[in-house]
Amino acid sequence: MALRSDLGRVRGLGSAKGGTSHWWAQRVTAVALIPLSIWFIFSIISLVGLDQNGFKAWLDMPGSFVLMTLFLIALFYHIQLGLQVVIEDYVHNEINKVSLLIFNKLLAVFCVVSSIAALMKIAFGG
Amino acid sequence: MKTGNRPLSPHLQVYKPQITSVLSILHRITGVGLAVGALVLVYWLNAAAYGPEVFERAQSLLSSWLGRLLLIGWTWALFYHLCNGIRHICWDSGIGLEIQHVKLTGWIVIIASLGFTLISWMAGYGLLGGN
């Protein structure tokens with residue numbers, strides 16, 4: 001027997017070789033999304049029926065840009081983690097599963113980058 | 001391995017739906033639904049960046065009857081997933097795991113998510129002035 005503690009033995013292991021990192025990330029993004037999504041709902045309600053100028057005026061308000069960016073990052077990270085579990089639970093064909101898992105990660109990155117780029121264009125563009 | 005025509009273990013459809021199991025699968029279903037809704041959010045933000053006409057079109061698509069129906073669904077899904085997510089975090093902290101608490105908080109989540117959805121849409125229509 002190696003002289004290792006229980007924590008040392010379990011750290012970074014488990015069948016997925018990822019330990020508890022997925023579980024923790026899902027919880028941390030969930031906690032971040034509690035205040036952020038409540039703020040998002042209030043914001044969306046205040047944007048009802050507005051045109052593009054109204055949207056720009058909202059984005060220029062203090063906090064809007066930073067909170068929206070944080071919301072989008074936490075949101076798509078959380079979505080990626082959640083959909084990963086759904087794929088792992090229901091897709092049993094190895095090729096399909098791995099393809100979907102990769103697509104899921106790439107789509108999440110695309111969504112977060114393209115929506116933050118859109119915000120930057122509205123906030124800083126001409 | 002050949003499994004032949006062996007009897008299968010009881011599956012979902014033989015069990016009577018209970019508040020615990022129904023709310024559990026609803027958490028997953030609303031999560032997947034909200035992921036689809038997030039794609040609409042990406043479209044909406046990009047439309048806003050593209051120009052006034054494109055944004056106008058996105059706004060009119062989303063305020064059509066189908067758009068509003070979907071948005072009501074996403075509003076409820078978001079409140080449900082949010083409230084039930086808080087319930088899950090409490091469980092992770094070891095709080096509220098007794099069966100009577102699980103049932104009580106389950107009903108609270110259902111009523112709260114419907115109530116918040118109603119309040120949000122009343123606020124939205126209030127801002128619009130009844131359009």
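Predicted model: local features only at pLDDT ≥ 70, side-chain atom pairs only at ≥ 80, totals over all residues.
Residues are numbered from 1 along each chain as its sequence is written, while chains are lettered from A and ligands numbered from 1 in the order in which they are written.

**Exercise 1.** Work out which secondary structure chain B has and how spread out chain B is.

*Solution.* Start with the elements: chain B has 4 helices and 0 strands (DSSP runs, numbered from the N terminus: helices are H or I, at least four residues; strands are E, at least two). Along the sequence they read α-α-α-α. Next, take the radius of gyration, computed over C-alpha atoms. For chain B it is 20 Å, well over the 14 Å that the globule rule (2.2 Å times the number of residues to the power 0.38) gives for 131 residues, so chain B is more spread out than a compact globule. Finally, its C-alpha trace spans about 60 × 45 × 25 Å along the principal axes.

**Exercise 2.** Describe how α1(B) and α2(B) pack.

*Solution.* Two packed helices are described by the angle between their axes and the distance between the axes. Helix α1 (residues 19-50) of chain B and helix α2 (residues 52-62) of chain B have axes 6 Å apart, at an angle of about 150° (axes are lines fitted to C-alpha atoms over the stretch in contact, and angles run from 0 to 180 degrees between N-to-C directions). The two are therefore roughly antiparallel (an angle over 145 degrees).

Note on methods:
Parallel < 35°, antiparallel > 145°, perpendicular 65-115°, else oblique.
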